[in-house]
2 protein chains.
Amino acid sequence: MAELLKGAPVAAALNEKTKAGASQLRERSIVPTLALVRVGENDADIYYERGAVKRCGAVGVEARSVVLPEDIAQEALLEVIEELNRDGSVHGVLIFRPLPKHIDDARIRAALSPEKDVDGITDGSLAGVFTGNGHGFCPCTAQSCVEILDHYGVDCAGKRAVVMGRSLVIGKPVSQLLLARNATVTVCHTRTRDLPAETKRADIIVAAVGHLNALEKQHVSPGQTVIDVGINTNAEGKMAGDADFEAVEPVVGAITPVPGGVGSVTTAVLVAHTVQAAARQNNVMLT
Amino acid sequence: MAELLKGAPVAAALNEKTKAGASQLRERSIVPTLALVRVGENDADIYYERGAVKRCGAVGVEARSVVLPEDIAQEALLEVIEELNRDGSVHGVLIFRPLPKHIDDARIRAALSPEKDVDGITDGSLAGVFTGNGHGFCPCTAQSCVEILDHYGVDCAGKRAVVMGRSLVIGKPVSQLLLARNATVTVCHTRTRDLPAETKRADIIVAAVGHLNALEKQHVSPGQTVIDVGINTNAEGKMAGDADFEAVEPVVGAITPVPGGVGSVTTAVLVAHTVQAAARQNNVMLT
C-alpha cells in the first residue's frame, strides 16, 4: 500500500500563506487581482475557471473573468492583453490555451507582460525557470509537482528523478525545478529506447505524458515516489492519470491520486503567484 | 584505441558554410561584423580574441575589437554596449566574461540586444535554447559539442546522453540540444549520488565539470562517445580536459582530444552565429 500524496493538504497549506500575503497587501490598499482570459466556451476551461475564481475568493484575491467570443480577431485579443498589461489594478493574467486555431499562440504569449505572467507562458518566465534567475513565474502545473514533494518532505537532493515527457508546460520546467533541488534528472520521451530501464531505477518519477497507462507495473519499483500529472478519461468515462493506478500503487512507496493529486494544487499555485506578482509590482516584501 | 573526434575538421566544415554565407551577404553590400568587447588584459581573453579575429578574417567577417580599461565604470560599459546595439553595422557582440568584480554581470547581459547576442548570454537566447523557438543563439561551447556529434555522424536519437555539469554556459544548454536531438538526457552534478552508475550506462557523455580527472576509468564503458569540454591545466602545466585521457581513451569508442577538440570549434560557431545574425537582421535568407 503506497502512501497517497493527496493534493488537498498541499493546497491548503499554500492557501494559508497566500491568504496571509493577500491580507498584507490589502492592508496597504493593494487588492491582488487575477484576470482570467477565456476565448470561447470550452468545458475544461470553464471548469478550471470556476475553481480558480472560487479559490481567489477564499484567499482574498480578486478574480476578473474576461470572456471573449470564439471567433475573436487576433488583433482584438492582442488589444485585450495590452489593456490588461497597462491596467495597474491587474497583477496576474491567465490566458486559457490552447487558443482557437486562427490565433497565433506565439504572438499572444509574447504580448503578455512577463511580470503578470502568473502561469509561466512567456519566454521571460521560461528563461527564469531555465536560468534560476528568479524572474517571471514557473508554469503552475510544473510547480505543483514540486510543491507536493516539498510538502510531504520528499528530499530530492542526490536522488534520481525521471521525468516522462518534455513539454514546455510540464516536462521541461519540472525537470529544471528538480535539478534546482539537486536531483539527478533524466528526461524521457517518445524516442526513449528503453523506458522501463529508466523509470525502474528512479527514486522519483514524474509522469507527464498525457495518456492512459503510460506508467504501468513494468515501469516501477518498490519505494518510488510517483507524481502523476496526467488528466485523461478512461474507458468508464472517469478521470484517470498517466499511471495505471491499480497496478502501480501496490508496488511503489508513494503516489499522487488522480483526481485529487497534482490537479488540485495548480489553482493554489496560480493564486499564490498572483499575490507574489502583486507584491513584486508594488515593491512589497511579504513576510 | 578510441576514435579521436578532432575539432579541426568540424570547424573547417562550418567555416566553409560561414564563408559562403558571408559572401552572399557581401554581394548585398552587407559586411557581417562581430564586435569583441574585452575589459582588461586577461591572457585567456586575449588568446581567444586573437583566434576569433583570425577566424573572422578567413571567412569574410569583419572583427572589431573594443578594448576597455579594467577599471571602467559600469555605466560606461553599459553605454558601450548600448552604442553597439544601436550600430547597424555591427551584427554580433561577444562580451568576454567573467567581467571585473565591480561590474554587475546580470545588468550587462540584460543590456545586450538579443538579436546581436551571438554567444547566447541573454535571457532571450537562453529561453530560445530552452523552448526551441529558434530565437537568439545558443552559447557557442554548448553548440560546439553537438556540432562535433553531428559532424561525426553520432546519431543521438534514442541514445542515453549523460551531461556532467549544470552550468548555464554548457551543462544546461547542451542538455537541451541533446534533448532536441531526441536523446534521453540525464544531467549530473556535484550532488549526484553515484556518478559512475550514471556515466557507465550512457551512450554519450558530455564532461563539462571544469576540473582535471572528473572523468576517470571507473566512469566509462566500451563503445561510449565522450565529448570533453574541460579546459584545465595539469601538473605538467599543459592544457588538459575533464577526462583522464590516458585512462579513458583505451576504454571508450570515441573521444574528443584536449586541446584540439571542443575548444577548436567554438570560434567557428561564434563566427557562424555572426553571419546568421547579419542575415536575420537584414532579412536575408542564406542558401
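The following exercises, each with a worked solution, concern a predicted model.

**Exercise 1. Describe the side of chain A that touches chain B.**

Solution. Begin with the extent of the contact: 22 residues of chain A are in contact with 22 residues of chain B. Next, identify the elements involved. Helix 5 (123–131), helix 7 (171–180) and strand 6 (184–188) of chain A each supply at least two residues to this side. Helix 5 of chain A gives the most, with 6 residues. Then sort the residues of this side by class: 9 are nonpolar, 7 polar and 6 charged. Finally, compare the two chains. Of the interface residues of chain A, 100% are also interface residues in chain B, so the copies meet through the same surface.

**Exercise 2. State in which sense strand 6 of chain A and strand 6 of chain B pair, and name the bridge partner of A:V185.**

Solution. The two strands pair in the antiparallel sense over 3 bridges. Within strand 6 of chain B, B:V187 is the bridge partner of A:V185.

**Exercise 3. Work out the strand order of the open sheet of 3 strands in chain B, and find the helices that pack on the sheet.**

Solution. The order is 3-2-4, with parallel pairing. The edge strands are strand 3 (62–68) and strand 4 (92–95) of chain B, since each pairs on one side only. On average, neighbouring strands of this sheet are turned by 20° against each other, direction ignored. Strand 2 (residues 33–39) and strand 4 of chain B run parallel and are joined by 4 bridges; B:V37 has B:I95 in strand 4 as its bridge partner.

Helix 2 (residues 43–59) of chain B packs on the sheet and touches strand 2 and strand 3, with its direction at about 160° to that of strand 3. Helix 10 (residues 263–281) of chain B also packs on the sheet, touching strand 2 and strand 4, and its direction makes about 145° with that of strand 4.

**Exercise 4. Locate A:A207 within the largest nonpolar core.**

Solution. This core has 170 residues, and A:A207 is among those with the most contacts inside it, as are A:M164 and A:V206. Not counting residues up to four places away in sequence, the residues that A:A207 touches include A:M164, A:L215, A:V226 and A:V229.

How values were computed. Residues are numbered from 1 along each chain as its sequence is written. Chains are lettered from A and ligands numbered from 1 in the order in which they are written. This is a predicted model: local features need pLDDT of at least 70, side-chain atom pairs count only at pLDDT 80 or more; totals for chains, interfaces and linings use all residues. Two residues are in contact if their C-beta atoms, placed from the backbone, lie within 7 Å. Ala, Val, Leu, Ile, Met, Phe, Trp, Tyr, Cys and Pro count as nonpolar, Asp, Glu, Lys and Arg as charged, and the others, Gly among them, as polar. Two strands pair if DSSP finds at least two bridges between them. A nonpolar core is a set of buried Ala, Val, Leu, Ile, Met, Phe, Trp, Tyr and Cys residues joined through C-beta atoms within 7 Å. A residue is buried if 20 or more other C-beta atoms lie within 10 Å of its own, exposed if 12 or fewer, and partly exposed in between; C-beta atoms are placed from the backbone. Axes are lines fitted to C-alpha atoms, for helices over the stretch in contact, and angles run from 0 to 180 degrees between N-to-C directions.
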